[in-house]
Amino acid sequence: MSTHASTSPSPSPSPHRPAQPGAAEVVLEARGVTKHFEVRGRKGTSIVRAVEDIDLQLHRGEIVAMVGESGSGKTTVARLLSLYYEATSGEILLDGKLVDHVSGKRARDYYAQVQLLFQDPFASLNSLKPIRHILGRALRIHGRARSRRETEEKIHELLRRVNLTPPEQYIDKYPHELSGGQRQRIVIARALAVEPQVMLGDEPISMLDVSIRLDVLNLLKKLRDEEGLALLYITHDIASARYIADRINVMYAGQMIEGGSSEDVIQSPQHPYTRLLLDSSPDPARGLDGDQQSLFDEVGDLGEPPSLITPPKGCRFNPRCPFAMEICNREQPEKIEISPGHWARCWLHQEGKAHLLRQETIRFGVPIEAAAELPDGGAPDIADVFDREDEPESDS
Ligand SMILES: Nc1ncnc2c1ncn2[C@@H]1O[C@H](COP(=O)(O)OP(=O)(O)OP(=O)(O)O)[C@@H](O)[C@H]1O
Ligand code: SF4
Ligand SMILES: [Mg+2]
């Protein structure tokens with residue numbers, strides 16, 4: 001692997017950002033949240049274990065990234081936190097108070113604090129209405145402006161906050177008259193209109209042109225730094241997560257498998273799947289050093305994720321893990337804290353084999369049967385894996 005350590009400067013701390021994890025006020029929290037979907041097919045009803053036992057804290061003035069491949073459960077988490085789905089089990093707390101699955105006025109009160117940013121800015125805006133109407137409506141519904149004059153002033157202020165200046169240039173436009181990046185700024189402005197404490201961004205830049213993605217990320221950073229917003233940034237792209245987030249949580253097959261400060265997770269990944277994500281990504285450090293296009297390069301081939309109807313027993317990553325041991329097929333690994341605020345769920349830590357994660361190169365995709373034939377009870381030294389690769393017949 002290319003080293004994950006970086007000499008790039010870390011972003012300077014914001015007045016709202018916690019000096020240490022947990023130092024700032026927790027605004028939104030998920031505790032042991034699980035979502036199972038019932039799906040009916042020709043063979044009867046099955047359960048999709050989309051999200052299991054998620055613990056997540058969003059602090060004021062902090063951006064937390066949730067990174068994982070397609071189908072890992074990221075959108076389901078965002079929808080649970082925005083009360084779009086009712087959790088199968090677990091608790092969601094806003095400002096320390098338990099939130100039920102609510103509707104009507106109580107739902108509106110919740111959405112005044114927690115706003116969801118969608119992936120597709122075009123689909124989430126009413127194309128028949130001008131920006132004045134779209135933003136004015138959000139202000140009025142949440143009682144943030146009373147008179148026509150106040151509404152007009154606040155719309156101008158919102159457009160300035162999302163860097164759409166001068167506001168007069170945008171206020172009478174329709175969504176289709178704006179670029180993708182401008183539309184996403186309108187979506188952000190509409191979310192800001194309700195003066196929320198939290199924004200949940202579900203891949204908010206993935207449908208934008210590469211050239212404007214960075215502008216939108218910088219805008220979100222500005223809102224964190226200057227307004228103390230708590231942001232959940234959902235992405236499949238660990239490089240952009242590093243660029244924007246204070247902390248990174250990694251999702252795999254519906255479970256959170258590693259979490260910590262962005263620097264700890266990127267420089268010292270403690271789960272083989274995080275290594276796979278990093279090894280398949282453009283070097284996340286480069287994005288901070290000027291080659292910012294590389295933040296958005298395509299992630300490499302990650303192989304097949306497991307079924308969430310019949311997930312693998314034990315650790316869900318075991319069919320793809322070159323280090324899988326017998327215990328990995330039997331029991332789910334517990335959460336282990338590796339250093340303050342940095343944790344992972346992987347048996348390598350309890351089995352005294354965490355050094356394998358520091359191998360320069362890890363060969364993913366070695367079948368578990370092949371790994372079991374290797375010395376050391378199925379936890380192959382990386383050199384053994386390469387030896388096998390040199391034999392053409394065994395490289396299946
Ligand atoms: N309403 C639903 N009914 C049944 N299964 C669902 C439903 N919503 C999501 N799932 C399943 O839950 C799993 C997680 O889906 P989710 O959309 O949360 O993943 P994701 O990480 O957001 O993926 P992507 O990166 O592709 O957006 C998938 O297997 C998906 O098929
Ligand atoms: S070593 Fe075991 S527990 Fe760790 S990721 Fe691999 S299969 Fe999972
Ligand atoms: Mg999604």
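Colleague: Which of the 14 residues around ligand 1 come nearest?

Modeller: F37, A50, S70, T75 and T76 do. Please keep in mind that this is a predicted model.

Colleague: Which element gives the most to the shell around ligand 1?

Modeller: That is α1, with 3 residues.

Colleague: What makes up the shell around ligand 1 by class, and what makes up the one around ligand 2?

Modeller: Ligand 2 has a shell of 12 nonpolar, 2 polar and no charged residues. The residues closest to ligand 2 are C315, N318, C321, C328 and C346, out of 14 that surround it. Cys counts as nonpolar here, so C315, C321, C328 and C346 belong to the nonpolar class.

Colleague: Let's turn to the strands. How do you know that β1 and β2 pair?

Modeller: Two strands pair if there are at least two bridges between them. β1 and β2 are joined by 12 bridges in the antiparallel sense, so they pass that test. One of the bridges sets V33 against I54 in β2. With 2 residues between them, β1 and β2 form a hairpin.

Colleague: What about β1 and β4: how many bridges join them?

Modeller: There are 5, and the two strands run antiparallel. At least two are needed, so β1 and β4 count as paired. Here T34 has S89 in β4 as its bridge partner.

Colleague: And what makes β4 and β5 a pair?

Modeller: Strand β4 (residues 89–94) meets β5 over 3 bridges in the antiparallel sense, and the requirement is at least two, so this is a pair. L94 is partnered with K97 in β5, and I92 stands opposite V99 in β5. These strands also form a hairpin, with 2 residues between them. D95 in its turn has a positive phi of about 50°.

Colleague: In what order do these strands lie in their sheet?

Modeller: The order is β2-β1-β4-β5, an open sheet of 4 strands with antiparallel pairing.

Colleague: What makes β2 and β5 the edge strands?

Modeller: Each pairs on one side only, and β5 covers residues 97–99. Direction ignored, neighbouring strands of this sheet are turned by 35° against each other on average.

Colleague: How many strands form the other open sheet, and in what order?

Modeller: It has 8 strands, in the order β6-β7-β8-β3-β9-β10-β12-β11, and the pairing is mixed. Its edge strands are β6 (114–117) and β11 (336–339), each pairing on one side only. From one strand to the next, the twist averages 20°. α1 packs on this sheet, touching β3 (63–67), β6, β7 (198–202), β8 (230–235) and β9 (247–252). The direction of α1 makes about 155° with that of β7. Angles over 145 degrees count as roughly antiparallel, so α1 and β7 can be described that way.

Colleague: How do you know that β11 is paired with β12?

Modeller: They share 3 bridges in the antiparallel sense, and at least two are enough, so they pair. Strand β12 covers residues 342–344. I336 stands opposite A344 in β12.

Colleague: Now the helices. Why are α3 and α4 called roughly perpendicular?

Modeller: Helix α3 (residues 131–141) and helix α4 (residues 148–161) pack at about 110°, with their axes 10 Å apart. The range for roughly perpendicular is 65 to 115 degrees, and the angle of α3 to α4 therefore falls under that name. The crossing is right-handed. In this contact, R132, L135, G136, L139 and R140 come from α3, and T151, K154, I155 and L158 from α4. By class they are 4 nonpolar, 2 polar and 3 charged.

Colleague: Then why are α3 and α5 called roughly parallel?

Modeller: Helix α5 (residues 180–193) packs with α3 at about 25°, the axes being 8 Å apart. Angles under 35 degrees count as roughly parallel, and α3 and α5 are therefore given that description. α3 passes α5 in a right-handed crossing. I131, I134, L135, A138 and L139 in α3 meet I186, A189, R190 and A193 in α5. These residues divide into 8 nonpolar, no polar and 1 charged. Arg counts as charged, so R190 belongs to the charged class.

Terms used:
Residues are numbered from 1 along each chain as its sequence is written. Chains are lettered from A and ligands numbered from 1 in the order in which they are written. This is a predicted model: local features need pLDDT of at least 70, side-chain atom pairs count only at pLDDT 80 or more; totals for chains, interfaces and linings use all residues. A residue is near a molecule or strand if its C-beta atom, placed from the backbone, lies within 6 Å of it. Axes are lines fitted to C-alpha atoms, for helices over the stretch in contact, and angles run from 0 to 180 degrees between N-to-C directions. Two residues are in contact if their C-beta atoms, placed from the backbone, lie within 7 Å. A crossing is left-handed if the near helix is turned anticlockwise from the far one by less than a right angle, and right-handed if clockwise.
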